[in-house]
Every structure is written in C-alpha cells, then in structure tokens.
Amino acid sequence: VPVNGSHWVSMCKVLDGLRQKGHEIVVVAPEINVHIKASENFIIPFTKEEVNGSIQSFHQDVFEEGSFLQRFLKVYQRLRCISVMSLSTCAHLLHNMELVRYLEESKF
C-alpha cells in the first residue's frame with residue numbers, strides 16, 4: 001500500500017525499474033491521494049478536502065513561528081492524525097471483501 005509524497009516518488013522509481021525488467025506491477029491506491037492514480041475498487045472514509053486539509057495543516061505547523069516545543073507538539077499531533085488516516089485506509093483496504101474476492105477469483 002503506497003503512500004503519497006516522497007515515499008511514493010521513491011517507490012515509483014523502483015516499480016518503474018521492475019516494470020522495465022518485465023515484471024507486472026499492480027498498485028492498489030485510494031481515490032483520494034496526491035500522486036497515485038485512483039482505483040475503482042477501493043473506498044476510503046475521507047474526503048479529498050480532509051486529506052488536503054491535513055497535509056496543508058502539517059506544512060503550516062512545520063514552518064509556523066513559536067518555540068521549538070510548541071512547534072514540536074503541533075507537528076506531533078498532526079503526524080498522529082495523518083497516521084490514524086493511513087491506518088484507517090489500510091484497514092478499509094484489507095476489509096474490502098469485494099476487492100479480496102476479486103483478487104482470489106482472478107488467482108492474483
């Protein structure tokens with residue numbers, strides 16, 4: 001399950017290299033993301049506005065004025081929120097019985 005941002009950019013290069021060597025690559029990605037094209041078989045419980053808002057807030061918190069401790073706590077809370085969203089996204093993927101059934105039936 002890829003994530004957006006720098007992790008996906010790095011992974012994308014590796015996957016492209018594998019594809020060039022003849023490997024078939026399948027990426028299951030949520031509809032709401034920054035860099036990855038959507039999959040029709042995956043539903044996540046967040047709106048695009050929520051995801052973009054969380055990312056924008058994180059960026060603002062990182063560069064905001066204030067003491068180191070204040071900025072650290074804000075960034076920590078924001079990372080916790082992003083982690084909860086990521087965990088929920090993975091849980092929805094793994095519990096998507098229609099997708100799992102399709103993968104099983106196609107001998108994926």
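The tour begins with the whole chain and then turns to individual residues.

**Before selecting**

This is a predicted model, in which local features need pLDDT of at least 70 and side-chain atom pairs count only at pLDDT 80 or more, while totals for chains, interfaces and linings use all residues. Residues are numbered from 1 along each chain as its sequence is written, and side-chain values use heavy atoms, with hydrogens and water left out.

**Stop 1: the whole chain**

Helices (H or I, at least four residues) and strands (E, at least two) are DSSP runs, numbered from the N terminus.

Now show the surface. The accessible surface of the chain is about 8,400 Å², and 59% of this belongs to carbon and sulfur atoms; accessible areas come from the Shrake-Rupley method with a 1.4 Å probe, and for residues only the protein chains shown count as cover. Of the 108 residues, 19% are buried. Here buried means under 20% relative accessible area, exposed means over 50%, and partly exposed lies in between (1.4 Å probe, protein chains only).

**Stop 2: colour by confidence**

Colour the chain by pLDDT, the predictor's confidence in each residue, from 0 to 100. The mean for the chain is 75, and 74% of its residues reach 70 or more. Where does the pLDDT fall below 50? Select residues 38–43: this stretch has such values, and beyond near neighbours in sequence it has 16 contacts in the model. A contact means heavy atoms within 4.5 Å.

**Stop 3**

Asp 16 forms a salt bridge with Arg 19, with the closest N and O atoms 2.6 Å apart. A salt bridge is a side-chain nitrogen of Lys or Arg within 4 Å of a carboxyl oxygen of Asp or Glu. Asp 16 is partly exposed, at 31% relative accessible area, and Arg 19 is also partly exposed, at 47%.

Next select Ile 25, in the loop between α1 and α2. Which residues does Ile 25 contact, leaving aside its neighbours within four places in sequence? They are Leu 15, Leu 18 and Arg 19. The C-alpha atoms of Ile 25 and Leu 15 are separated by 6.9 Å, although these residues are 10 apart along the chain. Ile 25 counts as partly exposed because its relative accessibility is 32%.

**Stop 4: the second salt bridge**

The structure holds two salt bridges. For the other, select Glu 64 and Lys 74, whose closest N and O atoms are 2.4 Å apart. This pair links distant parts of the chain, 10 residues apart: Glu 64 is in the loop between α2 and α3, and Lys 74 is in helix α3. Glu 64 is partly exposed at 32% relative accessibility, as is Lys 74 with a relative accessible area of 37%.

**Stop 5: a nonpolar patch**

Finally, select Phe 68, Leu 69, Phe 72, Leu 73 and Tyr 76, which form a nonpolar patch on the surface with about 560 Å² of accessible area together. Patches are made of residues with over 30% relative accessible area and no salt bridge; like charges are joined within 9 Å, and nonpolar side chains (Val, Leu, Ile, Met, Phe, Trp, Tyr) within 5 Å. One of these residues, Leu 73, lies in helix α3 (residues 68–94). Leu 73 counts as partly exposed, at 45% relative accessibility.
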